[in-house]
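Please keep the sequence and the structure in view while reading.

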Amino acid sequence: MKILFLLLLFFHKLLFCQQYKIVNYNVENSLETNDVVDVATVESICYIATHNKIYKFDGLNFLEFKFNKLSLSDDYIKKISVYNKKSLFVLFKKGCIEINLSNRKSKVISNDSFFDIYSDYKNMIFLKSNFLIETYHTNGSKIILKNFQRYLNPNIPPDFNAKICLFKNKLFISVPHQGIFWFDQNKYYKVTDRNNCPGGYKEFFKIQNDSLFFLGLKDPYFFNERKKRFLKYKLTTGTKYTNGRINDIYYENNNYWFIQNDKDLFVKNNNNIKEFSITEDENIELRKIFINSDRICLSSNKGFYVIYKNRSFIRHLTNEYRSYKHARTRRKIIENKNQIILFGNPQPVSVVNNKIYNHKSLPALSIYDAVIGSNGYYVGTEGQGLYFLNFSLNKSVKINIPDIIPNNETISALYYDRKEKKIYAGDSNFLYFFNETKNYSPIELHKVPFEGGQIKIITKDTIRNIFYIGASKGLYIFTKHKFIKIKDSEVTDLYIDYKKNNLWIGHQKGIDILSIYSKVHTKFLKIPFVNPTVASITRDDNNFFWVSTFSGIVCYDAFGNLKIKLTKKNGLINNEYNFKSSIKLKNGKIIFGGVDGYDIIDPINIEKSNKWKNYGYISDISLMGKDTVFVNNFSKKDKYILKFNRDKYFARIYLSLKRLDNLGSYEFRYRINKGVWLDLNKSYLDLIAYESGEYTIEFESIDNTGRLIHFKPIIVDVQNSFFKTKAFLFLIFATIIILITVLFKIKLNTNNKINGIYNEISMDLHDELGALISKTALITKSSNSFDMDIKDKIISNLDIISHNLKIYINSPKQKKISIINLYESVNDIFGEYFFLRELLFLSSSNLEKNCYVPNNLVKDLKLCCLEIANNIAKHSTATEVELTFFQFKKIIRIVIIFNEYYNVSNFNNRLGNGLNNIETRTAKYNGSFEISQYNYKTKFKLEFFL
């Protein structure tokens, strides 16, 4: 009996090892300490707490989850809990903080001491050490429910541990040595008796299978809603399982997983209980169990254990045949009634109800191709010609072929037309037909249209009544006794898709899809293997195409979209498959023959597995340099976004899948900017030494069923430090250009200003001194001798020059003069000149109002008047001059008319620097200077704007 029990235990453990893989994450590979305090989950992410750190685990990558502990006086973590999938609450011995899972920002909820916290998607409840109960709502508010302490025995033992839980809107609180209490409508009810009072050690509430359990006692208890009491839950029966405390339980798919006595893991299905060995370490303390995305997770004092399920969707023929020494080469497979015939070298083998029957009485033949006829099988051999085989009669007949064909010819392709009872065969020289008669006489013989090649495959389009001939020298259509070439390269297999009217053509680089009607190539399928040579093409019942190759198996839908990729990682026993060696059985399964044996794939099971929702995602992004920074809020609706400075960091992108079975069977690959797909031999991608710019990176994964899983793309903006960017170089260049321009402008403006000053001084000297010198000359000319009066006038003019120079030097000190004084000054200028010439001078004014004129305008206006007076006195023969002085709005207008007529063109030629200076001075004030003639008179008009 003891031996039987040990055998059963060994069988259970062996079965567990085959179905599951255990990985221990500890100080040697992931954690800083082995003592795992608590675990919380958000979808497929686990948050694992030790006493002073939190880790983030996505099923493949184990990372430290860094956060700011803020100003808490204590950093000893007691418990963590997820709230509303957005926040992680961390309970310390004293204090509690909330961490936003998106941006890792934390805030202090309280600095008080707590017994326990509870959370679900809507509620976060705190049980403080003084039994004050608070609820934290989504809007951040706190509502004090009730002070519970008055209901308790005041003799509460020190260092005990109370727990709290919300179940179906009812609040439950466990108090060590006093019982479990139920709060409803501001009233408390005790729902335990004296015999099952909590002791305060490793006890907690847990909701499983729509029931509330209380665990940690000798027996698990559940809340009976009808009796409103906690009652024992009979999880186990028999002496083996009744003598031990139940640490934790987890319900999943009709299975109860539970930990007993800190060390043992069991699973209960109905009344069957299996025990699993996690470790041989006697000091192990298994604490809690939960299942996350189909992964069984255990927290313990020896690290974090993850149990990955091994699901296999691939079967094999019996090990007896796989290792059968006579089955060296595996080729054509035929299903006939209840048996499967495996052709190869040296003899065919029949499989009936998974039993092997070797036909040793038949001759040893290296069979290349085979078809089933009316009474047996026709086989083409390598170097031995064409044979007919009958297994029931153990009969083999070599079929004679025409004399022009050697008997040792390799018959590499066969096709049997069941309707016409004809056999079609091909070799390196001919395509020929046989009647299925006793003599098997050939009825047609056709020379192949190529030299040095071999016919590989013959298939018939039964609707159009034409043959497709695949050869090592190309693809041909055979119709009306003629070969029509439609493809040059070697063909390894053909399949006609009548539903889509396409021909699938296998070759050494992948698959071409050809439209049957138009003979137009519609699509090329690049097979993602190192050696993509196609060995066979088979269609399943769901119109999916399964392709065996020299590196694995792939599956496409009817449109040529890759759906599944299988290798040895997914459970195949072959790396390389043989030509023609595949068949879809009547039960829908597909057999593939390869170098190492036969793989059987059940597309129905794979299709069922694919109904499980699975997707790939980027779980985290870290920037590594002098420090390590984790990127926040990188996930958007339809893409991920990452920006980083290549001079400071390199980026690491962590990849994972929602469901993870058969750990180690997953493959990741990526491509950048629609380039070539590259294999990724790990679950993260490092972006190192990328040039600055924007990159679009796409990821794909192959899960344990071979299914292709897509990710959202990530847009990566790699940036240089600003001093290395083109913008910085442009800024430097622009700054240099601006500085040069500014310096040039300053130099130019300085020169212009100096030139302007020179010009202005020149104009002023010309107008002022020139006018007075001309005036002095007039005095001299007006008298034949220098009498005292003339001498006095000359002296007076020189005094005026001195006086005007002083005025000119001191003019900036005088800001404004009145318009009346200006008119009087102008009148004096003209009066003095015209008096010397003895001209009749008439003056009048029209002033709108008394206003003040700026000093600089006064100076320029008076100099203009001096120049005009000088020109009239010096260059004209006028006898009368009339002056009119106007002022209206902001305009000063001076009109001088004298009785002398000149041709305008001649007059302009006589204009000197003085008249040009007048134009310059009026332009300074947006004014004008005009000269006109009419009625034998000349008119000067000056305008200045105030």
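A salt bridge is counted here where a side-chain nitrogen of Lys or Arg lies within 4 Å of a carboxyl oxygen of Asp or Glu. The model is predicted, and side-chain atom pairs count only at pLDDT 80 or more.

- The side chains of Glu420 and Lys422 form a salt bridge, with an N to O distance of 3.5 Å.
- This pair qualifies because 3.5 Å falls within the 4 Å cut-off.
- Glu420 is partly exposed, at 35% relative accessibility.
- Salt bridges with shared partners connect Asp417, Glu420, Lys422 and Lys460 in one network.

**Glu700 and Arg669**

- A salt bridge joins the side chains of Glu700 and Arg669, at 2.7 Å from N to O.
- Glu700 and Arg669 are both buried.

**Lys128 and Asp112**

- Lys128 pairs with Asp112 in a salt bridge whose closest N and O atoms are 2.7 Å apart.
- The partners are separated by 16 residues and come from distant parts of the chain.
- Lys128 sits in strand E11 (residues 124-128), while Asp112 lies in the loop between strand E9 (106-110) and strand E10 (114-119).
- Is Lys128 buried or exposed? Lys128 has a relative accessible area of 8% and is therefore buried, as buried means under 20%.
- Asp112 is partly exposed, because its relative accessible area of 38% lies between the limits of 20% and 50%.
- In general terms, side chains of opposite charge can pair when their charged atoms come close.

**The open sheet**

- Four strands make up an open sheet with antiparallel pairing, arranged in the order E58-E57-E60-E63.
- Strand E58 (628-630) and strand E63 (684-687) are the edge strands, each pairing on one side only.
- From one strand to the next, the twist averages 25°.
- Strand E60 (residues 650-657) pairs with E63 in the antiparallel sense, over 4 bridges.
- Which residue of E63 stands opposite Ala651? The residue opposite Ala651 is Leu687.
- As a general point, strands of a sheet pair through backbone hydrogen bonds, either parallel or antiparallel.

Key:
Residues are numbered from 1 along each chain as its sequence is written. This is a predicted model: local features need pLDDT of at least 70, side-chain atom pairs count only at pLDDT 80 or more; totals for chains, interfaces and linings use all residues. Side-chain values use heavy atoms; hydrogens and water are left out. Two strands pair if DSSP finds at least two bridges between them. Helices (H or I, at least four residues) and strands (E, at least two) are DSSP runs, numbered from the N terminus. Axes are lines fitted to C-alpha atoms, for helices over the stretch in contact, and angles run from 0 to 180 degrees between N-to-C directions. Buried means under 20% relative accessible area, exposed over 50%, partly exposed in between (1.4 Å probe, protein chains only).
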